[in-house]
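Please look through the sequence and the model shown below, and then follow this report on a few of the features that can be read from the atoms.

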Amino acid sequence: KLRKGEVVGLSGLMGAGRTELALSVFGNTPKYKLLEGEIYVEGKKVDFKTPRDATKAGLAYVSEDRKHNGLILIQDIKFNVTIANLEKLLEGNVVNENEEIIQVNDYKKSLNIKAPSIKQLVGNLSGGNQQKVQIAKWLFAEPKVLILDEPTRGIDVGAKFEIYTIINRLVSEGYSVLMISSDLPEILGMSDRIYVMAEGSITGEISAADANEQNIMAMATKTEEA
């Protein structure tokens, strides 16, 4: 269960099924399918057949593989930010390009995307700035729940701090965040509650106040269940 204004961490070893769980929730069936359990959004039971269904219901998934699954590197920042929710900019059947420019520039400023302009090709950005563009893309889709899969993988220390700042700000604004991470200090430092997975199943839940690397690893290796 994700509460409004909360970060729930999802931890586990490589191959535990964390990304597969996230993609199942986000609607990528039948390749990824929940074998048991139900999904509720704002108290209503839902069954997403596609990511588009999930997006319409208020879910967003920031991929761990931004270069292949999250962004279109040969396109510019403007294109990448608005692609997930172009309907928001339509006037009849035409995209309002002036409004698109205004909104993307707002995201560039608020997320501190370092680029000469929103016409910069995303493939020419640093890893940290690419990740900010991917986050902007899904924020533009106006989600209630933001799934962040390895949000700081492959970026430098300064960019990591900026991503953490963005996450904290989003939570303060009322977003619910599910954060998947292989970095235990990151999970411990950012989460309010933590779920641990092993071999495709959730093996435990623990509050951030009670969590440490030892008990998380015990649940991740199924030597302890909570």
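Which residue takes a positive phi just after H6? In this model, which is predicted, the residue is glutamate 142, and its phi is about 60°.

## Helix H6

Helix H6 covers residues 127-140, and its 14 residues reach 20 Å from the first C-alpha to the last, which is close to the 20 Å expected at 1.5 Å a residue. The helix is mostly covered, since 13 of its 14 residues are buried.

## Aromatic pairs

A pair of aromatic rings is described by two values, the distance of the centres and the angle of the planes. In this model the count comes to three aromatic pairs.

Another pair is formed by tyrosine 107 and phenylalanine 140, whose ring centres are 6.2 Å apart and whose planes stand at 75°, so that the pair is edge-to-face. Tyrosine 107 and phenylalanine 140 are both buried. Ring pairs also link Phe26, Tyr61 and Trp138 into a cluster.

## The nonpolar core and isoleucine 77

In soluble globular proteins, nonpolar side chains tend to be buried together. The largest nonpolar core of this model has 65 residues, and among these Ile77 and Leu146 touch the most other members. Helix H7 (residues 157-172) gives the largest share of this core, seven residues.

Is isoleucine 77 buried or exposed? Isoleucine 77 has a relative accessible area of 0%, so it counts as buried, for which the value must be under 20%. Isoleucine 77 is placed in helix H4 (residues 77-82). When residues up to four places away in sequence are not counted, isoleucine 77 touches Val104, Ile113, Ala115, Ser117, Ile118, Gln120, Val122, Leu125 and Val133. By contrast, the C-alpha atoms of isoleucine 77 and valine 7, which are 70 residues apart along the chain, are separated by 27 Å.

## The six-stranded sheet

An open sheet is built from six strands in the order S4-S7-S8-S1-S9-S10, and its pairing is mixed. Strand S4 and strand S10 (201-207) stand at the edges, each with a single partner strand, so one side of each is left without a neighbour in the sheet. From one strand to the next, the twist averages 20°.

Within this sheet, strand S1 (residues 7-12) and strand S9 (residues 193-198) pair in the parallel sense over five bridges, and leucine 10 stands opposite tyrosine 195 in S9. Helix H9 (residues 213-220) packs on the sheet, where it touches S1, S9 and S10, and the direction of H9 makes about 35° with that of S9.

Definitions and conventions: Residues are numbered from 1 along each chain as its sequence is written. This is a predicted model: local features need pLDDT of at least 70, side-chain atom pairs count only at pLDDT 80 or more; totals for chains, interfaces and linings use all residues. Side-chain values use heavy atoms; hydrogens and water are left out. Helices (H or I, at least four residues) and strands (E, at least two) are DSSP runs, numbered from the N terminus. The expected span of a helix is 1.5 Å times one less than its number of residues. Buried means under 20% relative accessible area, exposed over 50%, partly exposed in between (1.4 Å probe, protein chains only). Rings of Phe, Tyr and Trp (its six-membered ring) pair if their centres lie within 6.5 Å; planes under 30 degrees apart count as stacked, over 60 as edge-to-face and the rest as tilted. A nonpolar core is a set of buried Ala, Val, Leu, Ile, Met, Phe, Trp, Tyr and Cys residues joined through side-chain atoms within 4.5 Å. Contact means heavy atoms within 4.5 Å. Two strands pair if DSSP finds at least two bridges between them. Axes are lines fitted to C-alpha atoms, for helices over the stretch in contact, and angles run from 0 to 180 degrees between N-to-C directions.
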